[in-house]
Amino acid sequence: MYFIDAASKSINKAGEELCGDHVEYINLVDSKILVLSDGLGSGVKANILATLTSKIAATMLKEGATIEETVDTIVHTLPICRERHLAYSTFTIIRVFNDGRAYIAEFDSPSVFVVKNGERVELKKVKKTINNKQIYESSFTLDKDSLLVAVSDGVIHAGVGHSLALGWQWKNICKFLQEIDKNAESKQVVDAVLDKCREYYENEAGDDATAIAVKIRKQETINLFTGPPKDPDKDYEIIKKILQAEGKVVVCGGTSSSIVARTLGVEMEVDLSTMTVDIPPVGIIKGIELVTEGVITIGKALDIMKDFMSVSMHRKAEKNMQEKNAAAMLATLLIERCDNLNLWVGQAVNPVHQRGNYPMDFQFKMNQIKELASVVENMGKKVNIIYI
Amino acid sequence: MKDIQVCIGSVCHLKNSYDIINRLNELVNSNGYNDKLKVKAAFCLGNCEGAVCVKFDDVIYTVLPETTDKFFDETIRSKVD
């Protein structure tokens with residue numbers, strides 16, 4: 001079983017507030033579906049066409065519809081442009097299963113790129129005609145050294161009218177991808193491609209440009225320990241068990257981190273440079289991936305994760321994740337580097353938290369953990385709660 | 001060199017330990033104690049009852065933003081001068 005590391009990003013045509021490209025993601029138990037669609041024209045109209053196309057495709061495929069049914073529905077649903085008498089939007093459908101199998105369907109979009117260890121991999125494509133539209137299907141298997149990239153034509157044409165007479169062009173993009181560090185994550189690949197686009201367009205993109213990258217890697221597990229165990233006599237025993245569990249360890253909570261430091265027999269340092277008015281700073285314990293305060297930090301990380309999953313707030317979340325504070329680090333870790341989350345939830349009650357004037361009592365904490373579990377599950381990850 | 005440890009656990013954070021850390025840093029700087037005192041943060045000092053907890057010379061004190069200056073003058077100063 002692999003983790004499917006997929007990322008996408010768009011830049012808008014200069015002067016446009018809306019992007020005419022749209023990427024729709026669907027997380028399923030056994031696979032991820034990504035649909036990139038490029039709507040005719042630019043601005044609002046293109047945005048609506050692209051959004052409709054990718055949403056219809058992703059939703060129908062998720063529900064088990066065939067590619068024929070999906071294309072047929074798209075063709076009959078898209079509104080017709082008054083100027084061009086056309087309802088048109090290209091698409092690239094990518095479905096990657098967590099055993100590495102990949103299925104791709106392309107309609108009028110630039111051919112996808114597959115690169116393995118710096119070499120281009122050629123795909124066998126099968127042409128299918130559906131409603132007079134030519135769809136190219138291909139199936140192959142990704143491994144941990146392969147990179148799959150799809151772009152909209154705004155990337156292919158990057159630089160036209162600016163630095164490059166003929167634009168970036170498919171073969172040059174392929175070369176660029178062959179030279180990308182093979183350990184780069186999908187997000188870094190997408191950033192590299194779009195940075196290059198911006199450079200060629202001299203920051204005045206002539207068209208919406210979007211890139212999607214997909215890689216697979218071994219699944220990663222995080223053990224998040226929060227709240228001291230119910231029975232203090234068992235602290236040592238339980239912490240040992242958590243530290244020996246497979247995967248990384250994250251500790252959220254003041255007392256919890258003191259217990260971990262004591263068990264390991266080390267001193268904990270606090271990195272004051274990460275302190276903000278709203279979020280307590282991170283602690284440093286050797287061997288522990290991340291150490292934070294508990295209820296406040298988890299609450300702020302939850303806000304970021306919920307924003308990340310919302311269409312309208314996604315950008316804000318991405319910006320927040322760049323910040324150097326405990327909540328941003330926790331959210332980033334859970335979003336980007338976690339496939340299986342074990343929540344080790346201590347049941348000890350801090351009597352001071354139970355007084356009426358403290359807003360975050362035991363019940364609040366337990367509800368917060370349940371919310372965390374459900375948000376992380378909605379991202380397509382596996383969550384396991386262990387009460388200790 | 002002595003440490004002044006300010007708790008930044010949940011309860012202390014909510015009672016503005018952030019402001020206390022910043023104020024103590026200002027006081028250390030303005031009094032020229034940089035080579036004698038270091039303000040550090042600590043995770044839960046275990047006395048949430050007395051938040052905000054500040055540990056100095058192995059004693060845990062209760063300090064609030066409005067009592068920070070007084071705490072510095074009465075408790076810290078005499079031990080470093």
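1. A quick definition to start: two residues count as being in contact when their C-beta atoms, placed from the backbone, lie within 7 Å. Keep in mind that this is a predicted model.

2. With that in hand, look at A:Val155. Leaving aside residues up to four places away in sequence, A:Val155 touches A:Trp168, A:Ile173, A:Val193, A:Cys197, A:Ala209 and A:Ala211. A:Val155 is also one of the residues with the most contacts inside the largest nonpolar core, along with A:Ile94, A:Val149 and A:Ile212. That core has 54 residues.

3. Now for where the chains meet: 20 residues of chain A are in contact with 13 residues of chain B. On the chain A side, helix H7 (254–264) and helix H8 (295–309) each put in at least two residues. H7(A) gives the most, with 4 residues.

4. As for what that side of chain A is made of, the residues touching chain B split into 12 nonpolar, 7 polar and 1 charged.

5. Turning to chain B itself, you'll find 3 helices and 4 strands. Going along the sequence, they come in the pattern β-α-α-β-β-β-α.

6. Chain B has 81 residues, and 43% of them are buried. If you take the contacts in chain B between residues at least 6 apart in sequence, 62% of those contacts join residues at least 24 apart.

How values were computed: Residues are numbered from 1 along each chain as its sequence is written. Chains are lettered from A and ligands numbered from 1 in the order in which they are written. This is a predicted model: local features need pLDDT of at least 70, side-chain atom pairs count only at pLDDT 80 or more; totals for chains, interfaces and linings use all residues. A residue is buried if 20 or more other C-beta atoms lie within 10 Å of its own, exposed if 12 or fewer, and partly exposed in between; C-beta atoms are placed from the backbone. A nonpolar core is a set of buried Ala, Val, Leu, Ile, Met, Phe, Trp, Tyr and Cys residues joined through C-beta atoms within 7 Å. Ala, Val, Leu, Ile, Met, Phe, Trp, Tyr, Cys and Pro count as nonpolar, Asp, Glu, Lys and Arg as charged, and the others, Gly among them, as polar.
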